[in-house]
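Reader: I would like a close look at a single part of this model, taken slowly and with the terms spelled out.

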Amino acid sequence: MISNDNHFSDPVQHSAIEVEAHQSQPAFQITDDLNQLLEILPTDIQVKLVSHPRRNQLVEVVLDLGRRPEARFPGTSEYLSDTPVSRADLDYCVERVGMFSGDNRAGIEQTLHRISAIRNRAGAVIGLTCRVGRAVFGTIGMIRDLVETGKSILMLGRPGVGKTTALREIARVLADDLNKRVVIIDTSNEIAGDGDIPHPAIGRARRMQVSRPELQHHVMIEAVENHMPEVIVIDEIGTELEALAARTIAERGVQLVGTAHGNEIENLIKNPTLSDLVGGIQSVTLSDEEARRRGSQKSVLERKAPPTFDIALEILERHKWVVHENVSETVDLLLRGRQPSPQLRTTDESGKVHIARETPPPAAGQTTFRSAPLGGNGTLRSVSSSNWRTSGQMVPIGLKRQEVSELGIAFDETTSSPLSERQQFDRLLNESLESLPLASLEPVHDYATSGTASYRQTPGPNGEDLPLHVYPYAISRHQLEQVIRTLHLPIVLTKDIDDADAVLALRSHLKNHSKLRSIAKHRHVPIHAVKANSVPQMIRALQRMLQMEEDGVEEPIDLHLFSNEGGEDELEALEEARLAVEQIVIPKGQPVELLPRSAKVRKMQHELVEHYRLKSSSFGDEPNRRLRIYPA
């Protein structure tokens, strides 16, 4: 065991560097009393298991009426006999175990084995699951420092991963090594074994049995009121009443150590029955001012109360645990759509404990994404030429088309006659939609991971180091994040004006917000105003912040920025408008009429035309109303 005066050093924040503990864990000591479990099984099955080479790894024996008996080991299982299990075999086993409780569980006195029954409608036993119970000493070496803090600990993990085994060891360490008054609420006699005398694996800890599973919450309160414990240990908190009883105990200053079924904290947040263990969830309506400050909707989910448990452990494997040192902070981050940064603790073959800090995925604005969809292994998925929209990129028109456009002449390949202007434009549009070579889909350099971006490495407008931290006010945060991601701008959105290098605000709201102007002036933070919550306005404002316009830096337009849903009709209409501007309106100085579109799609086309700083108008009657683009 790791001694009381030795604690783990704190890992480096937000890094994947492992921190090695100064002492190593001793080898685990395992006590399983396996022979006593084998004695309740039919003779032919006993003989098979006694000589089995993987006997020490046995997890459980399954006996179902009319089926062959089965032995289960980690990751595999095998049949123990070709003879199906008979009713006499089941009766033989039932006679040799203790009484089955209300949850159809029984045990063998002074052992940790658990025998669970499956019954038919008449109540007769037609199946048994004989699970091996093992007392493993030394399992909590990697969390010994957390146990000694006196904070309440909740353990999560899938069934069979070792939660109860760790719980038993924690109870023993608290009682024997830390000399605390520990009471175990043992509903199924799984922690301290069957019978009136508890198993030695729990040390000096006391055990309270529960007559019926539905009365567990009563026994929890009774333990606090009658036996003056310093620590209460509970296995499988599963009902709302038990979660409420756990909160009552925690509020009385008693340390809680418990388990719940669920792989991650997110499972508890989404579970209305057990969400109170992590503080409970409630819907809150924000004021207009607060919603603008957060850049969120007015109705949001927030934590209702302090969590019952201070620390949460996610047991991924027996030697790999995720540690959330502050449950309230983790829950708050998850409810705001951000990822926490928990510890990852592992033990190697020599018993040394390693601690690493899991780095959360970078926030929006920090990571650059490839325009094309990513496959499962991080490579570009193949895009067929007919399905051009899935690529998400507009490829520059080929050399031949540029030459033809410069000459202003195009010919029909079949008749060799000159094409009209509309025919030339339709041909360019079709060629653009059909020819998107995969070779042009180059990976984008990731600013967040490498520290470089596709733009020049210069300081921000006030000499700040990139990335630039921007505080948005009354601006659509979702659209702003989309622009930053798509254009790969070295900008990070912040919700705290103290961390901001610049403020981006809607002009109409800025006039009436003297407090924001005074704070920005006091902190010497420049304010950039936009006239409308539109994509072109956002693009220009962000480019001004990065001083990109003065240098003539022009990035290829990603039409997904102007599309609401990214549907085929929307992208086709936007591509039509882009070609009209780039091939006719700008080079030739001629107005162009586009094809009739719906009002929603016309609005997207107007925004795209505004990006080129051109004017456009809609004319005609529905359903033939269409856009006309004018030269500058």
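Which exposed residues does the face of α2 carry, on the side turned away from its buried side?

Author: This is a predicted model, in which local features need pLDDT of at least 70 and side-chain atom pairs count only at pLDDT 80 or more, while totals for chains, interfaces and linings use all residues. Residues are numbered from 1 along each chain as its sequence is written, and side-chain values use heavy atoms, with hydrogens and water left out.

The face of α2 that is turned away from its buried side carries Thr43 and Val47 as exposed residues. Here exposed means over 50% relative accessible area, buried means under 20%, and partly exposed lies in between, with a 1.4 Å probe and protein chains only. Helices (H or I, at least four residues) and strands (E, at least two) are DSSP runs, numbered from the N terminus.

Helix α2 itself spans residues 43–50, and its buried residues are Ile45, Gln46 and Leu49. These residues lie on the same side of α2 because they cover an arc of only 105° around the axis, the arc being that of the directions from the helix axis to the C-beta atoms.

Just after α14, His488 takes a positive phi of about 55°.
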